[in-house]
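Trainee: Can we go through this model together? I'd like to ask about one thing at a time.

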Amino acid sequence: MENRNLCFIAKTDNKLIGHLWLSFNESVYVPEIERNWNFGTNSAYIYNTWVHPNFRNQSIAKNMLTQVLHHLKSNTAVEKTFASTRDKAARNVLLQFNFRPIKAVSYIRVFMFKRYKELLL
């Protein structure tokens, strides 16, 4: 299977202060649960979001997520976007963007952002 990933970065003074990865692969290895998760076609998965500790609480992750969702809306046919997190602050940011919990797996939560279709669970 082709590896289809993008990395969005945040920089200041030419120094990396944050990154966010986006996968378009149907099946993605999720390290927190130590297995592949099948997201299906026309889906994207946001993972490995990081902001340098000196720049946290400055809306860096929120701005990166805004850029990712704009990219998805403008440049792709993605209908569902998933994200997983163990972090309470990250969960709150996802909720601000209308991601909703769809499943708790062990100690992470999987979120989905619905653009066109309803997901029946």
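This is a predicted model: local features need pLDDT of at least 70, side-chain atom pairs count only at pLDDT 80 or more; totals for chains, interfaces and linings use all residues.

Trainee: Along strand β3 (residues 27-30), which side chains point to one face and are buried?

Mentor: The side chains alternate along β3. Strands here are DSSP runs of E with at least two residues, helices are runs of H or I with at least four, and both are numbered from the N terminus.

Trainee: How many residues lie between β1 and β2 in their hairpin?

Mentor: Strand β1 covers residues 5-12, and β2 covers residues 15-23. The two run antiparallel with 8 bridges, including one from Thr12 to Lys15, and Leu6 stands opposite Leu22. In the turn, Asp13 has a positive phi of about 50 degrees. The number of residues between the strands is 2.

Trainee: Is Gly18 buried or exposed?

Mentor: Gly18 lies in β2. Phe55 is 37 residues away from Gly18 in sequence, but their C-alpha atoms are 8.5 Å apart in space. With a relative accessible area of 0%, Gly18 is buried.

Trainee: Which residues form a nonpolar patch with about 270 Å² of accessible area together?

Mentor: Patches take residues with over 30% relative accessible area and no salt bridge, joining like charges within 9 Å and nonpolar side chains (Val, Leu, Ile, Met, Phe, Trp, Tyr) within 5 Å. A salt bridge is a side-chain nitrogen of Lys or Arg within 4 Å of a carboxyl oxygen of Asp or Glu, and the areas come from the Shrake-Rupley method with a 1.4 Å probe, counting only the protein chains shown as cover for residues. One member sits in β1 and counts as partly exposed because its relative accessibility is 49%. The patch is made of Ile9, Leu16 and Trp50.

Trainee: What is the phi of Asn42, which is not a glycine?

Mentor: Most residues other than glycine have a negative phi. Asn42 is in the loop between β4 and β5, partly exposed at 39% relative accessible area. Its phi is positive, at about 55 degrees.

Trainee: And what is the relative accessible area of Asn57?

Mentor: Asn57 is in the loop between β5 and α1. It isn't a glycine either, yet its phi is positive, at about 65 degrees. Asn57 counts as exposed because its relative accessible area is 83%.

Trainee: How far apart are the end C-alpha atoms of helix α1 (residues 60-75)?

Mentor: The expected span is 1.5 Å times one less than the number of residues. For the 16 residues of α1 that gives 22 Å, and the model agrees: the end C-alpha atoms are apart by 22 Å.

Trainee: Which residues of α1 are buried, and why do they count as being on the same side?

Mentor: His70 and Lys73 are exposed on the other side of α1. The buried ones are Ile60, Met64, Leu65, Val68, Leu69 and Leu72. They share a side of α1 because the arc they cover around the axis, taken from the directions from the helix axis to the C-beta atoms, is only 165 degrees.

Trainee: Last one: what is the relative accessible area of Leu94?

Mentor: Leu94 is in helix α2 (residues 88-96). Lys62 is 32 residues from Leu94 in sequence, with their C-alpha atoms 8.5 Å apart in space. Leu94 is buried, with a relative accessible area of 7%.

Terms used
Residues are numbered from 1 along each chain as its sequence is written. Side-chain values use heavy atoms; hydrogens and water are left out. Buried means under 20% relative accessible area, exposed over 50%, partly exposed in between (1.4 Å probe, protein chains only). Two strands pair if DSSP finds at least two bridges between them.
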